[in-house]
Protein chains: 4
Amino acid sequence: MSLAPKRANNRNDALLDAAADLFATKGFRETTMRDIAKAVGMLPGSIYYHHGSKDDLLLAVYESGVERFLREFSEAQQQETSPLERLKRVMAMHVAAITRDDAYVRVLNRVVPDQVPKHTGSLIALREQYEQCFCELVDNLPLAPWVDRTLLRLMILGAANHAQFWFNPNGRQSAEDVGQNFARFLLESVTQAPPPTSRVIASHKRHGK
Amino acid sequence: MSLAPKRANNRNDALLDAAADLFATKGFRETTMRDIAKAVGMLPGSIYYHHGSKDDLLLAVYESGVERFLREFSEAQQQETSPLERLKRVMAMHVAAITRDDAYVRVLNRVVPDQVPKHTGSLIALREQYEQCFCELVDNLPLAPWVDRTLLRLMILGAANHAQFWFNPNGRQSAEDVGQNFARFLLESVTQAPPPTSRVIASHKRHGK
Amino acid sequence: MSLAPKRANNRNDALLDAAADLFATKGFRETTMRDIAKAVGMLPGSIYYHHGSKDDLLLAVYESGVERFLREFSEAQQQETSPLERLKRVMAMHVAAITRDDAYVRVLNRVVPDQVPKHTGSLIALREQYEQCFCELVDNLPLAPWVDRTLLRLMILGAANHAQFWFNPNGRQSAEDVGQNFARFLLESVTQAPPPTSRVIASHKRHGK
Amino acid sequence: MSLAPKRANNRNDALLDAAADLFATKGFRETTMRDIAKAVGMLPGSIYYHHGSKDDLLLAVYESGVERFLREFSEAQQQETSPLERLKRVMAMHVAAITRDDAYVRVLNRVVPDQVPKHTGSLIALREQYEQCFCELVDNLPLAPWVDRTLLRLMILGAANHAQFWFNPNGRQSAEDVGQNFARFLLESVTQAPPPTSRVIASHKRHGK
DNA sequence: AATGAATGAGATTTCATTCAT
DNA sequence: TATGAATGAAATCTCATTCAT
């Protein structure tokens, strides 16, 4: 029931895949309709049968990207019950998603909404949907009272998104490792074991693992 | 008598300022030579008296941006002697630099080297110079043995750079506050006051403030 | 039924014709893409659908020119069996080709390879193909032993090519006449049918030297 | 009396030299005012103190080129009294002049008058002056009655001018040799000892050798 | 669904030339 | 005499888009 109709237009899927890949890798302005057409084996004019404009094409990719991210996000979240563990899991997923060869999510962080005049508003709204996930996540964290939760959320996002610029899939750490470490840096403090007892949480942590 | 004659070419300075501003705000590809020319009150062709190409112009801005950043960085670093305090100070400076209306530094994080084919190599080298600063800084930090310093450095960079996308200079916190907080999140752990004594560092901290 | 569909792209032929004509008549640098576009009733940008750059366009014209010349050359050569007669026929053809309103061959002598940086090498190679024809032709000539065949070949080429600058199709002699005469000048000697003893001078010369 | 005033403006001489060299070597349209200025160590604007425009500059070079050629031509001519020897001498001089590193004469054959709209007429007139020399020369030649003197003149010019494209100063023959040979090809006939009677001239030839 | 051929607006760049100093 | 700075017109080229087929 759900498969047949969707698979009718699998040229369109290939088109979106190619566009996502190029937008994520080279950038929006740097990718031409010709590039996309060539990647999928069509002529530039043919793209317009599927999508009204380059901006529309990006919007479609963006929507798909957010949708995928949201799905992964909620999956990740459901795997853990402790808020702290949830953060780790989500950050691991986030870095993984952003550095994966699946390009849809990468586009979200590579293409800035105001590069796409026709849809700036929609794109911002989509991004917000995407960032919104983290609000809840951070709000449920048992944090010290001095912590500004908004700022923490932004720090988490920034750290994870930045991975797109340096992460090497063949490096010594997996994307999951990176995400987990980022979470630990925040939750356990990176400074050298100060007064002994203070490490309780951290040691807990490690046992859990 | 010795300064004035040299400043016959302060149109070039204005040119660089305008270019930096537009590149940082709209992006490299999104900014046309016409835009820059109009902003500085020249004709597009006139720009080429000063810079051989759009790519060259960007390179000049980038170089200037790195130079400025390096200068501010070393100033910030010299203000503190404790490595921990240094980190705070530097992060505060970093967020401030990136969100300031001085556009040169912002360009460093807005324009990706491979958007500028002619100078990709040089730009990457410049970025490395810029990122290198943080190596030393992080290396001198007294960290728990489990901490991967490279990862920490990348997290710091990502968090600070990301501020360019959301920081509001009229918001309730200054850029300095943001930077300081980011540093604290890492150094003190954000989790809820666990075993009481562990907060020693933090209270120390607050006194310092 | 089988020809028509193929000739959907005869705009490209028209394009090449117009380019050849303008390049041959005005010169390469003196001809703008606008000129060509106007001559063929397109917009300048449209040319780029068919040819990637002005240099590419010239290369296409050049290739076609050499091809045409080679075809005519071999036809001319096959019409005669005596090497001497062959030279006459070929020179007649050569002058005719160069002064004809078919511009492709004219381009070969009007556009100097290093005016076209992108294809200098290819153009030189093409010219060589064109000049090579004459090697064989001259090599098969029964010449006096003192004659430097390379020099003779270059003289023939120079004489014929130069016709492009002065030949008037409405003048009293046809291009064929001109070519035939050029050949006779070389083969029969232009000096007055002279009293045998007249050759004294020549031998003098050689003594003098 | 004639030197001092002339040497006042030797910057101008350098300017003309540089322009002649570049025009002859790269071509008129291919040479920019910047190129010329750089070659002579001025800024582009400074050229306009000496010459009103690029076209004017070319005209000056052209005039100088014709003047030089005429001078050499008449010197060459005066060295011989026999018309036939004169032709040899002049052709030797011609090839030498055209392939020499003194660029003024080369410009005459590299730059086509209608590349210089402002002075097309003057340039044609100058060229005619230059070509006129050869009229007289050829008219005084004792030629067989079947020979079209105009055509012969044009052949001579074409052959000599073409040398600019292939002559190699380090090759096995000097420019003088080349010119002499060209003249001999015409005056002595290049064919091998042909059929007895009609070839009287030619057979003589071979005796001479 | 797709293509081939073009369009048209606008981008970067080039370059002869000008002009106050 | 010469220069530094700019101009302005025009050149080449790019690219999203259109449209008849």
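In the predicted model, Trp166(C) touches Val178(C) and Phe182(C) as well as Leu151(D) and Leu154(D), when residues up to four places away in sequence are not counted. Trp166(C) belongs to helix α8 of chain C, which comprises residues 149-166. With a relative accessible area of 21%, this tryptophan is classed as partly exposed, because the limit for a buried residue is under 20%.

The largest nonpolar core contains 139 residues, of which Ile36(A), Leu152(A), Ile36(B), Leu152(B) and Phe185(B) touch the most other members. Among the residues touched by Phe185(B), again leaving aside residues up to four places away in sequence, are Trp146(A), Val147(A), Asp148(A), Leu151(A), Leu152(A), Met155(A), Phe185(A) and Leu186(A) of chain A, together with Val190(B). Apart from this core lies another, of 138 residues, which includes Leu16(C) and Ile98(C) as well as Leu59(D) and Ile156(D).

Within chain A, the axes of helix α4 (residues 54-78) and helix α5 (residues 83-99) come within 9 Å and cross at roughly 150°; since angles over 145 degrees count as roughly antiparallel, α4(A) and α5(A) are therefore assigned to that class. Their crossing is right-handed. On the side of α4(A), the contact is formed by Phe69(A), Glu72(A), Phe73(A), Ala76(A) and Gln77(A), and on the side of α5(A) by Arg86(A), Arg89(A), Val90(A), Met93(A), His94(A) and Ala97(A). By class, the contact between α4(A) and α5(A) comprises 6 nonpolar, 2 polar and 3 charged residues.

Notes:
Residues numbered from 1 in each chain as written. Chains lettered and ligands numbered in written order. Predicted model: local features only at pLDDT ≥ 70, side-chain atom pairs only at ≥ 80, totals over all residues. Heavy atoms only, no water. Axes fitted to C-alpha atoms, helices over the stretch in contact; angles between N-to-C directions. Helix = DSSP H or I, 4+ residues; strand = E, 2+ residues; numbered from the N terminus. Parallel < 35°, antiparallel > 145°, perpendicular 65-115°, else oblique. Left-handed = near helix turned anticlockwise from the far one by under 90°. Contact = heavy atoms within 4.5 Å. Nonpolar A, V, L, I, M, F, W, Y, C, P; charged D, E, K, R; others polar. Core = buried A, V, L, I, M, F, W, Y, C linked by side-chain atoms within 4.5 Å. Buried < 20%, exposed > 50% of the residue type's maximum accessible area, 1.4 Å probe, protein only.
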